[in-house]
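Have the coordinates open while you read.

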Amino acid sequence: MSKPPSPPEARSHQELARLQRLMAEALFSPLNAGWGMRRKARDGRSMETVAASFIKPNDRLTSFERLEIYNRQYWFRLLDCLYDDYPGVRGILGERRFMKLAKAYLSRHPSRSYSLRDLGDRLEQFLREISQEPGWTGRHPELLLMARDMARFEWAQIVAFDAASAPAITPDDILNVPPSDLRFNLQPYLSLLSLDYAVDEFSTALRDDEALRSEASHAIDSQPGSNPQQSRRSLPKREKIRLAVHRCDNLIYFKRLEPEAFRILRSLQRGLSLEEACGKAIASSRRKNVDWAEEIRECFACWASLGWLTPATEPPCPARAASPAQAVRAVQADP
Amino acid sequence: MPANRFNGFTDYGIGIGLRVPHYRHILAEKPVVDWFEIISENFMVDGGRPLEVLDAILDQYRVVQHGVAIYFGSADRLNRDHLKKLKRLVRRTGTPWLSDHLCWGSVDGRYTHDLLPMPYTFAAARWTARKIREASDFLEVPICVENVSSYAEFHASEMTEWEFLSEVVEQADCGILLDVNNIYVSSQNHRFDPYDYLNQISHQRVGQIHIAGHSKFEKYTLDTHDHPVLDPVWKMYAHALHLCGQTATLLEWDDRIPSFEEVHNEALKANQFIKDVKATIPA
């Protein structure tokens, strides 16, 4: 049997790092079912032995109990944060499943950011990972799929809350630009989501009649104990939806998009010209007898008024005058 | 030391922490407040509502930045991305000084989001001071480090907490954000005399003072920031003012936050102690 490592003395930078790793491992270790520190460390050693190796006891608390205060603080703080930031995921899974998920998520993906705002940035990825693992799907495999869509939707709201904005396009940006060269970026705060469940309706039903999520997660400002009503509503229905999650006047909104509008925006986001984006969207549309020029003009007017479109990073080369309608006409003339 | 190089030679009075539940009241009513302390990390974002609120506050009030995540004491190197965003915020707020905690909280890029106590060793002091100096050079603003409340002590420690604080601030040549509530909490948990702490630190380096409430449990005292300031802490505050002079003072109230008026009135109780200190200064 190998000799246990000597307790770190913190008399050098390396030793300081070793002591901090030792303590952090204890803090990151999940709590037991009674919300206390586990008796065994991950390496199988007694946690009492580990704690006693670097933490002094006092006249009221053992080393284990003193370390446990920090272990519990870590988990309470981070679980509270996920609890507040993902009410929709919680509403779908229910409290018990949500807490199990949150603990497993944080165990596999500890925070990598100085800001608690980013705590859930890999939650959707984690839900994808565990969908293939036994023990998670159980009798309700669809719950995880719903939760995954909801996690994407709720993360998009965090992005919409405080991501950057860029100057929106002006008429000058599109004047004298041929449709084939007309390119736009989308606002950094705008997320386009293609989802399999109507999580937007579910989320709306969960909320008060106040504005949608006016505040996102903040380490210090979050109020633990704020416990939105647990929903007894029916789960999100299976429905292919396409959403834009955005902000306007610094309030968060979401908007359902028609498939063609979604494809155009997605293509613009990927750097295609307006002409190419419209062409792809129309070519893949199942709808017949549509006045595409009119429809796209309306969409474009709406997106422009919401400030979603921003000038492309690459300046377009000036040529002849163009407009969205002209772009559509160009597409229609060139199938 | 009302104005010194560690608080940008300012003479700020009593401030309170800017907290979300008070935004609407502050923006609508524009109450008279000497200054607000903001949590830097809450505003180190690229856009949206946080910056809109901050700009509206900056139009009316003086703001000082207080951070919770630099982790000067972590063995990790400084997070450059964090510092760049912090510097951008420093330029936006014009904060005359900036504070963060004398603690650690990240390991190998993983964050605990807690303010963890340091082992009080000379090596840890050297490393921490070096990081404070680096941050100060980069941010181009005076830094004050805050003593944290703690619930554990390390076998490895070679000195008391106040000796460690002094060692760090001397080596870093930085200021102190003296949290008298944290001293009280730690003194209860580790059985030392909090007045020894107050008496033995470098008073001319104190750029700001924090006061707050705490909670007593059977076996330990917890720094909860969810109560009014308790009497033993007010007494320590009065003593700290006698040692340091009138100093920018901030009430922290972060949980179970009552109305703006209640928080502000609690903070303004500090005025009485400041008057007492002024009365003792010969004309």
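## The barrel in chain B

Two strands count as paired if DSSP finds at least two bridges between them. Helices (H or I, at least four residues) and strands (E, at least two) are DSSP runs, numbered from the N terminus. With that in hand, chain B has eight strands that close into a barrel, in the order 1-2-3-4-7-8-9-12, with parallel pairing. Ignoring direction, neighbouring strands of this sheet are turned by 30° against each other on average.

Before going further, some housekeeping: this is a predicted model, where local features need pLDDT of at least 70 and side-chain atom pairs count only at pLDDT 80 or more, while totals for chains, interfaces and linings use all residues. Residues are numbered from 1 along each chain as its sequence is written, and chains are lettered from A and ligands numbered from 1 in the order in which they are written.

For a closer look at one pairing, take strand 3 (residues 63-66) and strand 4 (residues 98-101) of chain B, which run parallel and share two bridges. There, B:Gln65 sits opposite B:Leu98 of strand 4. Helix 10 (residues 260-268) of chain B packs on the sheet and touches strand 1 (14-17) and strand 12 (249-252). The direction of helix 10 of chain B makes about 145° with that of strand 1 of chain B (axes are lines fitted to C-alpha atoms, for helices over the stretch in contact, and angles run from 0 to 180 degrees between N-to-C directions).

## Around B:Pro194

B:Pro194 belongs to helix 8 (residues 194-200) of chain B. Buried or exposed? B:Pro194 is buried, with 21 other C-beta atoms within 10 Å. The cut-offs are 20 or more such atoms within 10 Å for buried, 12 or fewer for exposed and partly exposed in between, with C-beta atoms placed from the backbone.

Contact here means C-beta atoms, placed from the backbone, within 7 Å. Setting aside neighbours within four places in sequence, B:Pro194 is in contact with B:Ile183, B:Tyr184, B:Ser187 and B:Met236. B:Tyr184 is ten residues away in sequence from B:Pro194, and their C-alpha atoms are 5.9 Å apart.

## The nonpolar core

A nonpolar core is a set of buried Ala, Val, Leu, Ile, Met, Phe, Trp, Tyr and Cys residues joined through C-beta atoms within 7 Å. The largest one has 172 residues, and B:Val145, B:Val180 and B:Tyr237 have the most contacts inside it. Helix 7 (residues 141-162) of chain A gives the largest share, 13 residues.

Beyond four places in sequence, B:Val180 touches B:Ile209, B:Ile211, B:Val233, B:Met236, B:Tyr237 and B:Ala240.

## Where the chains meet

## A hairpin in chain A

Strand 3 of chain A and strand 4 (residues 251-256) of chain A run antiparallel, joined by six bridges. A:Cys248 stands opposite A:Leu251 in strand 4 of chain A. These two strands of chain A form a hairpin with two residues between them, and A:Asp249 in the turn has a positive phi of about 50°.

Key: Contact = placed C-beta atoms within 7 Å.
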